[in-house]
Structure formats: structure tokens, C-alpha cells
Amino acid sequence: MNQEPLSILNLVLNASLLVQLVMLLLFMASAVSWAMIVQRGIYQARARQAFREFESQFWSGIDLTQLYRQGNSGANKHSTDGIENIFRAGFKEFTRLRQQGSTDPDAIMEGTQRAMRVAHSREEEKLEANLPFLASVASVSPYIGLFGTVWGIMNSFRGLANVHQATLATVAPGISEALVATAMGLFAAIPAVLAYNRFSANAEQLTGKYQTFAEEFSSILHRQVHAKS
């Protein structure tokens with residue numbers, strides 16, 4: 001008697017409804033996490049490139065007003081992210097307070113630094129977007145897969161009650177299809193945890209660079225406002 005080969009597709013199709021739902025959930029979680037992994041990778045790579053380019057331009061000796069105007073012109077054509085937003089937020093507030101005729105340099109610097117802190121927090125949120133979902137997939141997927149496996153094995157052993165002679169050929173298909181759920185759970189979790197660790201480290205590194213730039217920029221503005229006060 002020829003038995004049906006135990007291919008992955010056959011194991012999935014022959015699994016119980018609950019195990020199939022578990023597999024579907026894990027497949028969807030894996031697909032969404034991979035989409036987020038690609039999106040995060042592209043975004044953070046662009047943020048690193050934008051930081052290098054803007055920092056090089058900033059320290060090239062260009063006039064800050066001219067650099068600000070270039071940033072405004074570019075913002076009208078495409079959205080800006082990263083360090084340029086922090087610079088524009090700080091310089092805009094700095095210019096606005098000085099044009100109001102404020103003679104207190106400390107008040108001007110306090111307002112400027114507050115504007116840059118708000119912009120810094122927004123950029124940090126952008127860098128860390130979708131990371132909580134990856135963390136959830138990484139931590140929960142193995143347990144969801146294990147639940148499907150346990151349920152499938154329970155069904156397999158429950159089916160043995162109607163069999164007079166239990167053999168490996170009788171038990172193997174049910175256990176195999178149950179173990180597919182665990183494999184899918186690991187398939188969803190491993191890339192998610194690796195991506196989460198990498199992107200979290202990248203986000204922390206970039207936010208640190210943003211903070212350093214904001215402090216250096218504040219020092220430059222501090223010297224300007226006190227020189228003309």
C-alpha cells in the first residue's frame with residue numbers, strides 16, 4: 001500500500017483547522033515583519049546617509065541662514081527627516097526669538113534648545129517605528145507555534161484510541177504536521193529578533209549622533225547670541 005508522501009504542503013493541508021489557523025497567523029506575522037524589516041532597513045540607511053551629507057555641509061563653513069533656506073527649499077519639494085529637521089527647528093526658533101527683539105540671550109537659547117529637543121524626540125520616534133511589533137513577533141511567535149504543536153500532538157494521540165495497533169506510520173503524519181507549526185514559529189521569530197536588535201542599535205547610535213549635533217549647534221548659536229547681545 002502506497003502512502004502519501006509527507007511533503008510540507010501536504011502536512012499543512014492535512015492539519016486540523018486550529019493548527020491551520022495557527023500556521024496562517026504565523027505566516028501573516030512573518031510576512032508583515034519582513035515588510036517592516038525591509039522598510040526599516042531602507043529608512044535607517046537613508047537616515048545615516050542624510051546625516052553624513054548634512055553634517056559635511058554644515059561643517060563646510062556655509063552660512064547658517066543660507067543652509068536654512070536651502071533646507072526650506074528642499075522641504076517644499078520632498079519631506080525631510082533626521083538631522084536636518086533638528087537643525088531647521090532650532091534655527092527657526094532662534095531666528096524668531098531674535099526678531100521679536102528679545103534681549104535676554106538665555107531666554108533665546110532656552111527656546112531654541114526646547115525646539116530642538118522636541119524635533120529630536122520626533123526623529124527618535126521615526127527611527128524606532130515598528131520596532132515594538134518586531135519585538136512582539138520575536139517573543140510571541142515560538143509560543144504560538146508551540147501551542148499549535150501541542151494541539152496537533154494531542155489530536156494525534158487522541159486518534160490512536162481508535163487504532164488497535166499503533167505504528168510509527170500511524171503516528172508520524174500527525175506529529176509531523178504538528179511540528180510544522182513550531183518550525184513556522186521559529187521561522188517568524190528568528191528574523192524578527194535579529195532585525196529588532198540591529199535596528200534598535202542603529203536607532204540608538206543615530207539618536208546619539210543627533211544629540212551630539214544639537215549640543216554642538218547650540219554652542220555655535222550661544223556664541224552668536226552672546227557676541228551680539
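Author: Start with a pair of residues in one helix: Arg 96 and Glu 93 are three residues apart in helix H4, so about one helical turn separates them. The model is predicted, so local features need pLDDT of at least 70 and side-chain atom pairs pLDDT 80 or more, whereas totals for chains, interfaces and linings use all residues. Residues are numbered from 1 along each chain as its sequence is written, and side-chain values use heavy atoms, without hydrogens and water.

Reader: How far apart are the closest N and O atoms of Arg 96 and Glu 93?

Author: The two residues form a salt bridge (a side-chain nitrogen of Lys or Arg within 4 Å of a carboxyl oxygen of Asp or Glu). Side chains of opposite charge can pair when their charged atoms come close. For Arg 96 and Glu 93, the gap between the closest N and O atoms is 2.6 Å.

Reader: Is Glu 93 buried or exposed?

Author: Buried stands for under 20% relative accessible area, exposed for over 50%, and partly exposed for what lies between (1.4 Å probe, protein chains only). Arg 96 has 37% relative accessibility and therefore counts as partly exposed. Glu 93 has a relative accessible area of 17%, so its class is buried.

Reader: How many salt bridges does the structure hold?

Author: Another one joins Arg 114 to Glu 110, with the closest N and O atoms 4.0 Å apart; both residues lie in helix H5, four residues apart. Lys 126 and Glu 123 also pair, at 3.3 Å, and they too lie in helix H5, three residues apart. In this pair Lys 126 is partly exposed at 31%, while Glu 123 is buried at 3%. The number of salt bridges in the structure is three.

Reader: What pattern does the chain follow along the sequence?

Author: Helices are DSSP runs of H or I with at least four residues, strands are runs of E with at least two, and both are numbered from the N terminus. The chain has seven helices and zero strands. Read in order, the pattern is α-α-α-α-α-α-α.

Reader: Which residues are in contact with Phe 87, leaving aside its neighbours within four places in sequence?

Author: Contact requires heavy atoms within 4.5 Å. By that rule, the partners of Phe 87 outside its sequence neighbours are Phe 54, Phe 58, Leu 64, Leu 67, Tyr 68, Phe 213 and Phe 217.

Reader: At what angle are the ring planes of Phe 54 and Phe 58?

Author: Rings of Phe, Tyr and Trp (its six-membered ring) pair if their centres lie within 6.5 Å; planes under 30 degrees apart are stacked, over 60 edge-to-face, and the rest tilted. The search finds 14 aromatic pairs. Phe 54 and Phe 58 are both buried and lie four residues apart in helix H2. Their ring centres are 6.3 Å apart, and the pair is stacked because the planes are at 25°.

Reader: Which residue forms a tilted aromatic pair with Phe 147?

Author: The rings of this pair are 6.4 Å apart centre to centre, with 35° between the planes.
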